[in-house]
Amino acid sequence: MSFFREHIKTNKIFFCCIAFILAFFVGLAIFVKSASVNISINTPDDTVKVTTIGNPTTAEVLAKADIELNAYDYTDVALDEKLESGDEVTVTRAKSIMVTDTKKTVAIKTALTSETDIMEQAGFNLDDDDTVQYMNKEGLSFYAHLKKNQKLIYEEDPIKYKTVYKKVATLGGAEEKVTQDGKNGKIKYIKIVTYGKDKKAKSSKTLYKKVASKPKNKIVQVAEDAKIIYTGSGSAPKKYSQKISVVATGYCPCAQCCGKSTGITASGARATAGRTVAAWSGLSFGTQVYFPYFSVNGNGGVFTVEDRGGAITGNRIDIFFSSHSQALSFGRRTLECYILK
Ligand SMILES: [Zn+2]
């Protein structure tokens with residue numbers, strides 16, 4: 001009997017222990033489950049689910065998920081805020097942007113999205129009348145702080161190709177031969193344009209400039225004896241028919257110089273300094289003449305025959321100036337002159 005009783009007693013203790021251990025683990029599981037918190041973290045790349053226990057802060061959850069914040073990255077929940085199960089945290093990565101106006105350009109990193117906040121971070125003061133224009137081009141983000149009469153624009157302009165002449169001994173009787181066609185290049189700009197009251201562009205500030213494609217020269221072979229002259233304009237060299245020596249004087253639109261002062265030339269064109277010359281009748285209106293003497297001028301030394309004059313006969317040229325004093329100081333000079341084709 002005693003053996004039997006002992007046996008039951010041992011069994012009771014054994015089952016009690018098992019039941020206790022089971023209850024402990026079930027209780028622990030229930031406790032852990034109820035104490036665990038699930039947080040979702042949205043990053044620009046994906047959504048990360050984090051499960052942890054207790055009352056973690058945003059910073060702790062980010063650390064557990066191995067998400068590092070760089071300077072100026074932004075979380076929509078404060079880093080020291082305690083999170084509860086089901087909470088979501090969104091991480092916005094800071095972007096490099098340029099904040100600009102016509103005076104300065106500031107490069108900043110920011111995760112801010114409000115234009116006012118961005119302007120403030122970059123140290124720009126926004127007046128009521130000002131606007132902010134955003135542009136994302138060429139891998140750059142610009143926030144331009146603009147006045148009412150300004151615009152941020154993106155523009156592509158052609159780069160004109162040049163013509164290069166190469167002298168060759170003979171072209172089999174031909175005067176010239178194109179061996180490579182020219183192709184314009186392309187240049188890209190981002191700029192702030194300021195418009196006048198007439199809505200025309202008054203000035204501009206270039207923020208970005210890039211040659212997208214270089215122009216391809218036009219190559220022309222010319223016979224050794226061809227008449228080619230490189231003018232001061234930097235453009236393609238020009239062909240000329242004749243190189244002569246002329247006696248050049250100056251005149252202006254005053255009555256003393258012209259007997260009238262309308263400024264209208266014999267060809268009907270308005271006399272323009274840097275363009276108009278009077279020549280003898282052998283040179284028809286529209287003929288271009290090149291003076292190496294003036295090659296450093298804005299016109300590269302190239303003028304157009306647009307006028308006549310009583311005293312302007314063979315090998316005499318009268319050059320138009322905008323003032324009488326300029327015409328007088330030019331005086332009377334013997335100049336080398338190319339009559340262009
Ligand atoms: Zn005059």
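**Pairings, cores and loops in a predicted model**

Trainee: Which residue stands opposite Ile 97 in strand 6?

Mentor: This is a predicted model, and a careful place to begin is the pairing of strand 5 (residues 95-100) with strand 6 (residues 105-110), which is antiparallel and runs over 6 bridges. The two strands form a hairpin, with 4 residues between them. Within this pairing, the residue standing opposite Ile 97 is Ile 108.

Trainee: Which residue of strand 8 is the bridge partner of Val 99?

Mentor: Strand 5 also pairs with strand 8 (residues 140-146), here in the parallel sense and over 3 bridges. In strand 8, the bridge partner of Val 99 is Tyr 143.

Trainee: Stepping back to the whole chain, what is the radius of gyration of the protein?

Mentor: The protein contains 5 helices and 21 strands, and its C-alpha atoms fill a box of roughly 155 × 60 × 25 Å along the principal axes. Buried residues account for 17% of the 341 residues. Whereas a compact globule of 341 residues would have a radius of gyration near 20 Å, the value for this protein is 42 Å.

Trainee: How far apart do the C-alpha centres of domain 3 and domain 4 lie?

Mentor: The protein is divided into domain 1 (36-92), domain 2 (95-148), domain 3 (155-222) and domain 4 (227-340). For domain 3 and domain 4, the distance between the C-alpha centres is 28 Å.

Trainee: In the open sheet of 4 strands, which strands stand at the edges?

Mentor: The order of this sheet is 2-1-4-3, and its pairing is mixed. An edge strand has a single partner, so one side of it is left without a neighbour in the sheet, and that is the position of strand 2 (47-53) and strand 3 (74-75).

Trainee: Which residue of strand 4 does Ile 41 stand opposite?

Mentor: Strand 1 (residues 36-42) and strand 4 (residues 88-92) run parallel and are joined by 3 bridges. Across this pairing, Ile 41 stands opposite Val 89.

Trainee: Is Leu 83 buried or exposed?

Mentor: Leu 83 lies in the loop between strand 3 and strand 4. Apart from neighbours within four places in sequence, Leu 83 is in contact with Val 37, Ile 39, Pro 56, Thr 57, Thr 58 and Val 61. The cut-off for a buried residue is 20 or more other C-beta atoms within 10 Å, and because Leu 83 has 20 such neighbours inside 10 Å, it counts as buried.

Trainee: Of Asp 66 and Tyr 72, which is partly exposed?

Mentor: Both residues belong to the loop between helix 2 (58-64) and strand 3, and each has a positive phi, near 60 degrees for Asp 66 and about 75 degrees for Tyr 72. Most residues other than glycine have a negative phi. Asp 66 has 8 other C-beta atoms within 10 Å and is exposed. With 16 other C-beta atoms within 10 Å, the partly exposed residue is Tyr 72.

Trainee: In the open sheet of 3 strands, by how many degrees are neighbouring strands turned against each other on average?

Mentor: This sheet has the order 10-14-11 with mixed pairing. Strand 10 (163-168) and strand 11 (176-180) each have a single partner strand, so they stand at the edges.

Trainee: Which residue in strand 14 is the bridge partner of Glu 176?

Mentor: Strand 11 pairs with strand 14 (residues 218-223) in the antiparallel sense, over 4 bridges. The bridge partner of Glu 176 in strand 14 is Val 222.

Trainee: Which residues touch the most other members of the largest nonpolar core?

Mentor: This core holds 22 residues, and the elements giving two or more residues to it are strand 16 (238-251), strand 17 (276-279), strand 18 (288-290), strand 19 (302-307), strand 20 (316-320) and strand 21 (332-340). The members that touch the most others are Val 277, Ala 279, Val 289, Ile 317, Ile 319 and Phe 320.

Trainee: Leaving aside neighbours within four places in sequence, which residues are in contact with Ala 279?

Mentor: Ala 279 has already been named among the members of the largest core that touch the most others. Once neighbours within four places in sequence are set aside, the contacts of Ala 279 are Val 305, Ile 312 and Ile 317.

Trainee: How many residues make up the second, separate core?

Mentor: Ala 122, Phe 142, Ala 144 and Ile 190 are among the members of this second core. Its number of residues is 11.

Notes
Residues numbered from 1 in each chain as written. Predicted model: local features only at pLDDT ≥ 70, side-chain atom pairs only at ≥ 80, totals over all residues. Domains from an automatic or database assignment. Pairing = 2+ DSSP bridges. Core = buried A, V, L, I, M, F, W, Y, C linked by C-beta atoms within 7 Å. Buried ≥ 20, exposed ≤ 12 C-beta atoms within 10 Å, placed from the backbone. Contact = placed C-beta atoms within 7 Å. Rg over C-alpha atoms; globule rule 2.2 N^0.38 Å.
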